[in-house]
Amino acid sequence: MSDAPLPFRTAPGAVPLFGHLFQLARAPLPFVRQLRRHGPVVRLRLAHRQALAITSPRLVRRILVDDARLFDKGGSVADSMEKTLGNSLVTCPADEHPRQRELMNPGFHPSRMPRYSEAMLGAAVEVVESWAPGRTLHLEHEAHRLAALAVSRSLVAAPAAASAAAVLAEGLPDISRGMYWRGLLPGKAFASLPLPVNRRYERQMARTRQAMDLVTAQYRNSGEDYGDVLSKVAPACEHAPDPHQAIHDQVLTLLFGAVETTAAALVWTLRLIDQHQLTTLLRDELRNVLGDRLPTHEDVPQLDYLQRVITESLRLHPPAWLGTRVATEPVPWPEGTIPAGTDVTFSPYALHRDPEVFEDPDVFHPDRWKRENVTPEQRQFHFAFGAGKRKCIGDTFAMNELALALAVILSRWKIQHHPSRGVQPTPRFILAPPPTPVTLQPR
Ligand code: HEM
């Protein structure tokens, strides 16, 4: 792509040399949110690079669905993800995607979900049974623990996966922070600086890669079918130029995809339930549907209100808050032609707060998702799991896990949240909640 300024209005506030990097480093959420005031397509300067921010939900839908053939994975978020996760379903280019997706799809078929739900339920019960009355703990650690246990008993079930997922979960805050900074400042120069953000990222990635190597070796050497997704995917990876690396990258991607996002959504939802005092309403629903028993897979669709609470939580706090693509050829939109090779970026966090789509966008209002209230547009413009061919393969898995985990937690424990110190989440690759200390009392 040429260095000529892209033919769109530049967002205000760029400073010489750095452009908009300071805003994206210090307070990215308010920054991405106000961009819509400057037009549906806005030019950003990121040091010596430039990108287009797409602020209209309608145009983002075109990028992901209607004009998806004109945009491929690429841009700062996707590049940083590829450096961390390697070549896998989430990072691969469009020409490789159908093959990789076809390989994974059977593992996410609805017929597999009841078994996965059992594993999730087992994980949720194990975590909440380890809690003690009067104890203070950090919800974000517990949510990571729960999500790591759930995925390592379902999608990636080789014996070494449980400890590998736990290693990853422990390192995720540092990895996610490092990924964000490497997305802002790609290239070797920043990555090689001896900064705490780089040192922590490298240290946690080294531990994580080592743990993934053990899991990979089990898939390659044991010859066992663990009844999970990877047992089907691993044999196909034996034809790759580097089979070990190919399996390693798919393992890491599934664990990464399933742990950090779901854990963040679980904590955000528990925070919102507390702030809006919804525990009694939710417990009434749980009692009506379940009585005193534990939830099952079949109960999840009956938990209407809980589902709306989760959907609304994902609207306000979409864990994948920033997405990117690269234009593969000139895109002749009425708003202006996007040259081939241009990085485009969009933020589900900002799009979900567009007042033209969601009335009172900052208000947490689960009933906006009631069948009689929700519009087709609002459904289409809820981008928490993406859209189109690259839509999250784990969306149903995640929604089930969130519903089951919340049902178990809310019916067993009263959660007393401590007054929040830092309410603003720190910039990370995933929109992670601030530290959430709580004290527990049994019901
Ligand atoms: C609340 C939880 C989750 C959220 C918010 C989430 C979000 C997303 C989003 C936005 C995308 C699309 C990325 C893009 O368009 O560039 C995506 C893709 C993906 N997600 Fe999730 N995800 C979640 C849970 C999961 C789970 C449980 C898994 C299971 C392993 C998973 C695995 C993946 C994979 C493999 C892709 C790539 C799909 C493809 O390109 O075909 N995610 N996710």
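## Strand pairing, helix packing and ligand shell

In strand 8, Val344 is the bridge partner of Leu52. This is a predicted model: local features need pLDDT of at least 70, side-chain atom pairs count only at pLDDT 80 or more, and totals for chains, interfaces and linings use all residues. Residues are numbered from 1 along each chain as its sequence is written. Helices (H or I, at least four residues) and strands (E, at least two) are DSSP runs, numbered from the N terminus.

**Strand 8 and its partners.** Strand 8 covers residues 343–346. Strand 2 (residues 49–54) runs parallel to strand 8, joined by 2 bridges. Strand 5 (residues 323–327) pairs with strand 8 in the antiparallel sense. Here Arg325 stands opposite Val344. Two strands pair if DSSP finds at least two bridges between them.

| Strand pair | Sense | Bridges |
|---|---|---|
| Strand 2 and strand 8 | parallel | 2 bridges |
| Strand 5 and strand 8 | antiparallel | 4 bridges |
| Strand 9 and strand 10 | antiparallel | 5 bridges |

Both faces of strand 8 are covered. Asp343 and Thr345 are buried on one side, Val344 and Phe346 on the other. A residue is buried if 20 or more other C-beta atoms, placed from the backbone, lie within 10 Å of its own.

Three strands form an open sheet in the order 4-10-9, with antiparallel pairing. Strand 4 (136–138) and strand 9 (413–417) are the edges, each pairing on one side only. The twist averages 40° from one strand to the next. Helix 7 (residues 139–151) packs on the sheet and touches strand 4 and strand 10. The direction of helix 7 makes about 60° with that of strand 4. His417 stands opposite Val438 in strand 10.

**Helices 13 and 14.** The axes of helix 13 (residues 279–290) and helix 14 (residues 304–316) come within 8 Å and cross at roughly 140°. Helix 13 is therefore oblique to helix 14. Axes are lines fitted to C-alpha atoms, for helices over the stretch in contact, and angles run from 0 to 180 degrees between N-to-C directions. Angles under 35 degrees count as roughly parallel, over 145 as roughly antiparallel, 65 to 115 as roughly perpendicular and the rest as oblique. Leu281, Leu282 and Glu285 of helix 13 meet Tyr305, Leu306 and Val309 of helix 14. Contact requires C-beta atoms, placed from the backbone, within 7 Å.

**The ligand shell.** Of the 23 residues around the ligand, Gly257, Thr261, Gly386, Cys392 and Gly394 come nearest. Helix 12 (243–275) and helix 17 (395–412) each supply at least two shell residues. Helix 12 gives the largest share, 7 residues.

Key. Two residues are in contact if their C-beta atoms, placed from the backbone, lie within 7 Å. A residue is buried if 20 or more other C-beta atoms lie within 10 Å of its own, exposed if 12 or fewer, and partly exposed in between; C-beta atoms are placed from the backbone. A residue is near a molecule or strand if its C-beta atom, placed from the backbone, lies within 6 Å of it.
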